[in-house]
Amino acid sequence: MKALQYRTIGAPPEVVHVPDPTPGPGQVLLKVTAAGVCHSDFAVMNRPAEGFPYPLPLTLGHEGVGTVAALGPGVTAVQEGDAVAVYGPWGCGTCAKCAEGKENYCLRADELGIRPPGLGAPGAIAEYLVVDDPRHLVPLDGLDPVAAVPLTDAGLTPYHAIKRSLPKLTPGSTAVVIGAGGLGHVAIQLLRALTPARVVALDVSEDKLRLAREMGAHEAVRSDSGAADAVRELTGGIGAQAVFDFVGAAPTVATAAAVAAIEADVSLVGIGGAALPVGFGQLPFEVSVSAPYWGSRGELLEVLALARSGAVSVHTETFSLDDAPLAYERLHAGLIDGRAVILPNG
């Protein structure tokens, strides 16, 4: 089969032919109908050879949907032909966090060498994908594969971050979304669907600010040195009750801190590598700072239900598997509005 692999440290990913996989006991083989391209893949590919965490070659893609093509021995929870989405942050299934459905916070994944597809395990940008356990599959129930696949990360991750802050997003409150790209433009829709808060979007790109307005942002502000003052002015000097930074670089983290109100939540979702000092006098009183990761299995079901209701959708641009390297080039250049989706069997 064809697959997009990261094969050499520092080199771009390439489309190669690899043996067709077969499911082992308890596993499921999917024929991939759509796979997402994510900025976090660059965080993997930009790491130096020393201390690189995964064996190479690595098939990329941690967002995947497909149809069940074959079942390993002992699998009865799904049937061949089922259309499913893949829950990506695989865990052990038995620790206290996994028992809550929070496999994104599995307590034993590192110890047991369990890795998500595309982030250590073979990923979804391939014609076929082996899923380690049927519990990591969620029915699509009529959702289009292209529309659904970004929701497994670009939908689930902001949903998980926003859900924590819902009690603070009451009438008259303000939520700030920093970065209106793949995750941010979904976060705007989620905030509009789930809260009465005013949504202020920040980005450096005029195209993404336009997308933010289309997705329902009440205000769209250029993310520059004047952004914090603009948000403070919009909020009468109070600041925002919840701030979601989907970039995580030093300038955006500084902005997140500068626009936070007293008792605000600041969620650093982006993996730009910056940190936010926390301590008395560093931030307004009782600001809570978190660095959430992905989301739970139950939350993925909730996100897909929101999509079926029409409350959230993802702006997508599709590519063939042969053109998958081009998708990464365009994403890296900031030319993708929303999410790039690969059609491995399209």
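Visitor: Which residues of H5 meet H10?
Guide: Leu156, Tyr159, His160 and Lys163 do, on the H5 side. Keep in mind that this is a predicted model.

Visitor: And what do they meet in H10?
Guide: Glu299, Leu300, Glu302, Val303 and Leu306. The residues of this H5 and H10 contact divide into five nonpolar, one polar and three charged.

Visitor: How are packed helices described, in general?
Guide: By the angle between their axes and the distance between the axes.

Visitor: So what angle do H5 and H10 pack at?
Guide: About 105°, with the axes 10 Å apart. Angles of 65 to 115 degrees count as roughly perpendicular. H5 and H10 are therefore roughly perpendicular to each other.

Visitor: How many residues of H5 are buried?
Guide: Eight of its ten residues, so H5 is largely enclosed by the rest of the structure. They are Leu156, Thr157, Pro158, Tyr159, His160, Ala161, Ile162 and Ser165.

Visitor: What covers them?
Guide: The cover of the buried H5 residues includes helix H6 (184-194) and H10. It also includes strand S12 (240-245) and strand S13 (260-268).

Visitor: Let me pick on His160. Buried or exposed?
Guide: His160 is buried, because its relative accessible area is 16% and the cut-off for buried is under 20%.

Visitor: What does His160 touch?
Guide: Leaving out residues up to four places away in sequence, His160 touches Asn104, Tyr105, Pro292, Tyr293, Trp294, Gly295 and Glu299. Glu299 is also one of the H10 residues that H5 meets.

Visitor: Switching to sheets. What is the strand order in the six-stranded one?
Guide: S11-S10-S9-S12-S13-S14. That sheet is open, and its pairing is parallel. Its edge strands are S11 (219-222) and S14, each pairing on one side only. On average, neighbouring strands in this sheet are turned by 15° against each other, direction ignored.

Visitor: Give me one pair from it. How many bridges join S9 to S10?
Guide: Five, and the two strands run parallel. S9 is residues 174-178, and S10 is residues 198-203. Val176 has Val200 in S10 as its bridge partner.

Visitor: What about the three-stranded sheet, which order is that?
Guide: S2-S1-S4, open, with antiparallel pairing. Strands S2 (14-17) and S4 (58-59) are the edges, each pairing on one side only. Four bridges join S1 (residues 2-6) to S2. Lys2 stands opposite His17 in S2.

Visitor: Which prolines should I look at? Where is the cis peptide bond?
Guide: Between Leu56 and Pro57, with omega about 5°. Pro57 lies in the loop between helix H1 (40-45) and S4.

Visitor: Now Arg339. Buried or exposed?
Guide: Buried, at 4% relative accessibility. Arg339 is in strand S16 (residues 339-343).

Visitor: What does its side chain pair up with?
Guide: The side chain of Glu63, through a polar contact of 2.7 Å.

Visitor: Which other residues is Arg339 in contact with?
Guide: Beyond its neighbours within four places in sequence, the contacts of Arg339 include Val37, Cys38, Pro150, Asp153, Ala154, Gly182 and Leu183. Val314, His315, Thr316 and Glu317 are among them too.

Visitor: Last one, Glu329. Where is that?
Guide: In helix H11 (residues 324-332). Glu329 is exposed, with a relative accessible area of 52%.

Visitor: How many residues separate Glu329 and Asp229 in sequence?
Guide: They are 100 residues apart in sequence, and 34 Å apart in space, C-alpha to C-alpha.

Note on methods:
Residues numbered from 1 in each chain as written. Predicted model: local features only at pLDDT ≥ 70, side-chain atom pairs only at ≥ 80, totals over all residues. Heavy atoms only, no water. Buried < 20%, exposed > 50% of the residue type's maximum accessible area, 1.4 Å probe, protein only. Polar contact = N/O pair within 3.5 Å; in protein donor to acceptor, adjacent residues only side chain to side chain. Contact = heavy atoms within 4.5 Å. Pairing = 2+ DSSP bridges. Axes fitted to C-alpha atoms, helices over the stretch in contact; angles between N-to-C directions. Parallel < 35°, antiparallel > 145°, perpendicular 65-115°, else oblique. Nonpolar A, V, L, I, M, F, W, Y, C, P; charged D, E, K, R; others polar.
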